[in-house]
Amino acid sequence: MSPRRIFRPLFRVLAAPSGALLLMIGSACVMSAAHAQTPQPKAPDTMEARVQGCTACHGTHGQGTDNDYFPRLAGKPAGYLFNQLLNFREGRRKYPPMNYLVTYLSDDYLKQIATFFSQQRPPYPTPAKPNVSDTVLARGRDIVLHGDAGKQVPACVACHGSSLTGMEPAIPGLVGLHPDYISAQLGAWRSGSRRAIEPDCMHTIATRLSDEDVSAVAAWLSTQPAPQNPVPAPARSLKTPLACGSEPQ
Ligand code: HEC
Ligand code: HEC
C-alpha cells in the first residue's frame with residue numbers, strides 16, 4: 001500500500017470545488033468548541049450537526065462512498081466504532097484527517113457518535129465484480145470460511161460471523177467494504193501502523209497472511225452480498241479462536 005494511494009482520497013476532497021474539507025474542519029471546530037465550553041452558547045447541537053463533518057467522507061448515513069477507500073460505518077457494532085475513534089485519538093490508528101477530527105472530542109461524545117452510526121441501516125453497495133482470477137477468489141473464500149491450518153490462520157468467519165456482519169460488542173462486519181480498504185487495513189496491521197487493544201488478535205492473524213493471501217481475501221470479501229438481516233451476531237454467540245483485547249470473552 002503506497003502512501004500515495006492512502007492520501008489520494010484526501011486530495012480528492014481537497015480538490016473538491018465545494019470546499020468540503022473546510023466545511024468539515026469548520027464543523028469539527030464547532031463540535032469541539034461546543035463541547036469544551038460548559039455552559040455552552042447554544043448552537044443547535046443535534047446529532048445531524050455533530051456528524052456533518054463526517055458525512056462528506058462516510059456518507060450521510062455512514063454508508064461509505066463510491067471512493068475506494070472511505071469505509072462504511074453504518075451497522076458496525078457501537079463498541080467497535082467507539083474503539084476506533086479512541087484508536088485514532090490516541091494514535092493507534094493513523095489517518096491524519098481522522099486523527100485531527102477526533103483530537104479534542106471526549107469519550108462521551110465519541111460514544112454518542114459511535115452509537116448513531118451503529119444504528120444507521122442504509123442499503124449496502126452492490127457487491128464488487130471480481131477483478132482477479134477464479135483461483136485467487138477460491139483461495140480468498142477458503143481462508144475466510146476455513147482459515148489456513150498450515151499457517152495457523154483461523155477462519156475469518158469464526159469471529160466475524162458466518163454472515164460476515166460481525167459480533168457485538170466490538171467485532172466489525174466485513175461486508176460492504178472496498179477491497180482496497182480491506183487490504184490496506186490488513187497491511188497496516190502487518191506493518192504495525194494499525195493497532196488494537198492487546199492482545200491484538202488481528203495483528204497476529206494479519207502477520208500470518210502473505211501479500212497474495214491478503215489480496216485474495218479482500219477480493220472475495222468484496223464480492224459478498226449483505227444478508228437479509230445485516231445485524232451483528234449477539235455478544236459471546238461465537239467463541240473466538242484467539243483472544244482479542246477489544247472483544248473480551
Ligand atoms: C477526510 C475524510 C474523512 C472525514 C472527514 C472523516 N473520516 Fe472517518 N475515516 C476516513 C478514512 C479514510 C478512514 C480509514 C482510515 C484508515 O484507517 O486507513 C476512516 C475511518 C473511520 C472509522 C473507522 C472505521 C472502521 O470500520 O474501522 C470511524 C469509526 C470513523 N472514520 C468515523 C468518523 C467520524 C465520526 C467522523 C466525523 C467526526 C469522520 N470519520 C470523518 C475518512 C474520513
Ligand atoms: C480471533 C477473532 C478474529 C478472527 C479469527 C479474525 N478477526 Fe478480523 N477482527 C477481529 C477484531 C476483534 C477486530 C476489531 C479490532 C479493532 O478493534 O481494531 C477485527 C477487525 C478486522 C478488520 C477491520 C475492519 C474495518 O472496518 O476496519 C478487518 C479488515 C478484518 N478484521 C479482517 C479479518 C480477516 C480477513 C480475517 C481472516 C483471515 C479475520 N479478520 C479474522 C477479530 C478477528
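Gln-152 sits in the loop between helix H7 (134–146) and H8, helices here being DSSP runs of H or I of at least four residues, strands being E runs of at least two, and both being numbered from the N terminus. The model is a predicted one, so local features are given only where pLDDT is at least 70 and side-chain atom pairs count only at pLDDT 80 or more, while totals for chains, interfaces and linings use all residues. Residues are numbered from 1 along each chain as its sequence is written, with chains lettered from A and ligands numbered from 1 in the order in which they are written.

What stands out about the backbone of Gln-152 is phi, which is positive at about 55° although the residue is not a glycine. Most residues other than glycine have a negative phi, and most peptide bonds are trans. Gln-152 counts as exposed because 12 other C-beta atoms lie within 10 Å; the cut-offs are 20 or more other C-beta atoms within 10 Å of a residue's own for buried, 12 or fewer for exposed, and partly exposed in between, with C-beta atoms placed from the backbone.

Is Leu-164 buried or exposed? Leu-164 is buried, because 21 other C-beta atoms lie within 10 Å. Pro-169 has its place in the loop between H8 and H9 too, and a cis peptide bond with omega of about 0° joins Glu-168 to Pro-169. Ser-162 also belongs to the loop between helix H8 (157–160) and helix H9 (179–191). Ser-162 is exposed because it has 12 C-beta neighbours inside 10 Å. Between Ser-162 and Leu-238 the C-alpha to C-alpha distance is 9.8 Å, although 76 residues separate them in sequence. Further along, the loop between H9 and H10 holds Pro-199, whose peptide bond from Glu-198 is cis, with omega near -5°.

As for the fold, the chain has 11 helices and zero strands. Buried residues account for 36% of its 249 residues. Counting a contact as two C-beta atoms, placed from the backbone, within 7 Å, 71% of the contacts between residues at least 6 apart in sequence join residues at least 24 apart.

Confidence is expressed as pLDDT, the predictor's score for each residue from 0 to 100. The chain averages 86, and 83% of the residues score at least 70. Over residues 1–36, however, pLDDT stays under 50, and the model has 35 contacts there beyond four places in sequence. Where pLDDT is low, the predicted coordinates should not be read in detail.

Now for the packing. A nonpolar core is taken as a set of buried Ala, Val, Leu, Ile, Met, Phe, Trp, Tyr and Cys residues joined through C-beta atoms within 7 Å. The largest one has 25 residues, and those touching the most other members are Leu-174, Leu-186, Met-202, Ala-206, Val-217, Ala-218 and Leu-221. H9, H10 and helix H11 (211–222) each put at least two residues into this core, with H11 giving the largest share, seven residues. Setting aside neighbours within four places in sequence, Ala-218 makes contact with Pro-179, Ile-182 and Ser-183. A second, separate core of 22 residues has Ala-74, Tyr-80, Leu-101 and Phe-116 among its members.

That leaves the ligands. A residue is near a molecule if its C-beta atom, placed from the backbone, lies within 6 Å of it. Around ligand 1 there are 25 residues, of which Cys-54, Cys-57, Gln-84, Tyr-95 and Pro-97 come nearest. Helix H1 (3–15), helix H3 (47–58), H4 and helix H5 (96–102) each supply at least two residues of this shell, and H3 gives the most, with five. By class, the shell around ligand 1 has 20 nonpolar, three polar and two charged residues, where Ala, Val, Leu, Ile, Met, Phe, Trp, Tyr, Cys and Pro count as nonpolar, Asp, Glu, Lys and Arg as charged, and the others, Gly among them, as polar.

Ligand 2 has 28 residues around it, and Cys-156, Cys-159, Ala-196, Cys-244 and Ser-246 come nearest. Its shell divides into 22 nonpolar, five polar and one charged. At least two residues each come from helix H4 (78–89), H8, H9 and helix H10 (201–208). Domain 1 (3–118) and domain 2 (134–222) each contribute at least three residues to the shell around ligand 2, the bounds coming from an automatic or database domain assignment.
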